[in-house]
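Dear colleague,

I am passing on to you the structure shown below, together with an account of what was found in it. Please read the notes alongside the sequence and the coordinates.

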Amino acid sequence: MPPLNADERETLESWLDFYRATLAVKCEGLTEEQLRTASVPPSPLTLLGLVRHMAEVERNWFRRVLVGEDAPPIYDPEADPNGHDGGFDLDDDARFGSARKTWEAEIERGREHAAARRLDQTSPFLGGQVTLRWIYTHMIAEYARHNGHADLIRERIDGVTGV
């Protein structure tokens with residue numbers, strides 16, 4: 001649980017880390033087959049796909065947008081690097097262990113880049129400027145939305161709900 005009384009930066013970082021950890025918990029104790037289990041037809045959404053997607057999202061916001069790094073898509077070299085919607089589609093070689101390591105590595109790179117920035121410091125985005133504060137807020141919303149998906153998928157797999 002994030003601290004109840006902290007400064008703005010610690011509050012934002014704590015909530016983002018809380019939601020990152022929540023996604024990891026949703027995947028704990030499942031087999032590779034279960035992690036590849038789709039939610040409900042016609043949706044192909046899986047827990048493995050969510051982890052891969054969030055690696056792409058971390059890369060997009062903290063590497064491409066925040067610091068302007070030329071970081072190609074992780075899972076689909078043909079994908080638009082500004083689309084950051086990749087990772088959902090699973091090929092036969094997709095494995096949770098490697099996806100989790102990639103996701104965790106992107107989180108660490110993001111933390112490093114963010115640590116060197118002020119909350120109000122801006123980066124170019126869509127013809128305007130975006131602050132680290134905005135990126136943190138967006139990432140919290142992105143994780144919260146996808147953790148809701150993860151909760152429903154996990155409940156369908158084995159009945160487990162909650163954090």
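At roughly what angle do the axes of H3 and H5 cross, and within what distance do they come? The model is a predicted one, and in it the two axes cross at roughly 175° and come within 10 Å. An angle over 145 degrees counts as roughly antiparallel, and H3 and H5 are therefore roughly antiparallel to each other. The residues of the contact of H3 with H5 comprise 16 nonpolar, four polar and two charged.

Helix H3 also packs against H1

Helix H1 covers residues 8-27 and helix H3 covers residues 47-65; they pack at about 155°, and their axes are 10 Å apart. This angle makes H1 roughly antiparallel to H3. The crossing of H1 and H3 is left-handed. On the H1 side, the contact is formed by Leu 16, Arg 20, Leu 23, Lys 26 and Cys 27. On the H3 side, the contributing residues are Leu 47, Leu 50, Val 51, Met 54, Glu 58 and Phe 62. Eight of the residues in the contact of H1 with H3 are nonpolar, none is polar and three are charged.

Helix H3 and helix H4

Helix H4 is made up of residues 96-115, and H3 packs with it at about 20°, with the axes 9 Å apart. An angle under 35 degrees counts as roughly parallel, and H3 and H4 are therefore roughly parallel to each other. Their crossing is left-handed. From H3, the residues that meet H4 include Leu 48, Val 51, Arg 52, Met 54 and Ala 55. Among the residues that they meet in H4 are Phe 96, Ala 99, Trp 103, Glu 106 and Ile 107. The contact of H3 with H4 divides into ten nonpolar, three polar and seven charged residues.

Helix H1 in detail

With 20 residues, H1 reaches 30 Å from its first C-alpha to its last, which is close to the 28 Å expected at 1.5 Å a residue. Its buried residues include Leu 12, Ser 14, Leu 16, Tyr 19 and Arg 20. Lys 26 and Cys 27 are also among the buried residues of H1. The cover over the buried residues of H1 includes H2, H3, H4 and helix H5 (132-158).

Trp 15 lies in helix H1 as well. Is Trp 15 buried, partly exposed or exposed? Its relative accessibility is 29%, so Trp 15 counts as partly exposed. Leaving aside residues up to four places away in sequence, Trp 15 touches Met 1, Pro 2 and Ile 140. Trp 15 and Thr 37 are 22 residues apart along the chain, and their C-alpha atoms are separated by 28 Å.

Two points in the loops

Pro 41 and Pro 42 are joined by a cis peptide bond, with omega at about 10°. Pro 42 is located in the loop between helix H2 (32-35) and H3.

Leu 126 is not a glycine, yet it has a positive phi of about 50°. Leu 126 sits in the loop between strand S1 (122-125) and strand S2 (128-131). With a relative accessible area of 76%, Leu 126 is exposed.

With kind regards

Definitions and conventions
Residues are numbered from 1 along each chain as its sequence is written. This is a predicted model: local features need pLDDT of at least 70, side-chain atom pairs count only at pLDDT 80 or more; totals for chains, interfaces and linings use all residues. Side-chain values use heavy atoms; hydrogens and water are left out. Axes are lines fitted to C-alpha atoms, for helices over the stretch in contact, and angles run from 0 to 180 degrees between N-to-C directions. Helices (H or I, at least four residues) and strands (E, at least two) are DSSP runs, numbered from the N terminus. Angles under 35 degrees count as roughly parallel, over 145 as roughly antiparallel, 65 to 115 as roughly perpendicular and the rest as oblique. A crossing is left-handed if the near helix is turned anticlockwise from the far one by less than a right angle, and right-handed if clockwise. Contact means heavy atoms within 4.5 Å. Ala, Val, Leu, Ile, Met, Phe, Trp, Tyr, Cys and Pro count as nonpolar, Asp, Glu, Lys and Arg as charged, and the others, Gly among them, as polar. Buried means under 20% relative accessible area, exposed over 50%, partly exposed in between (1.4 Å probe, protein chains only). The expected span of a helix is 1.5 Å times one less than its number of residues.
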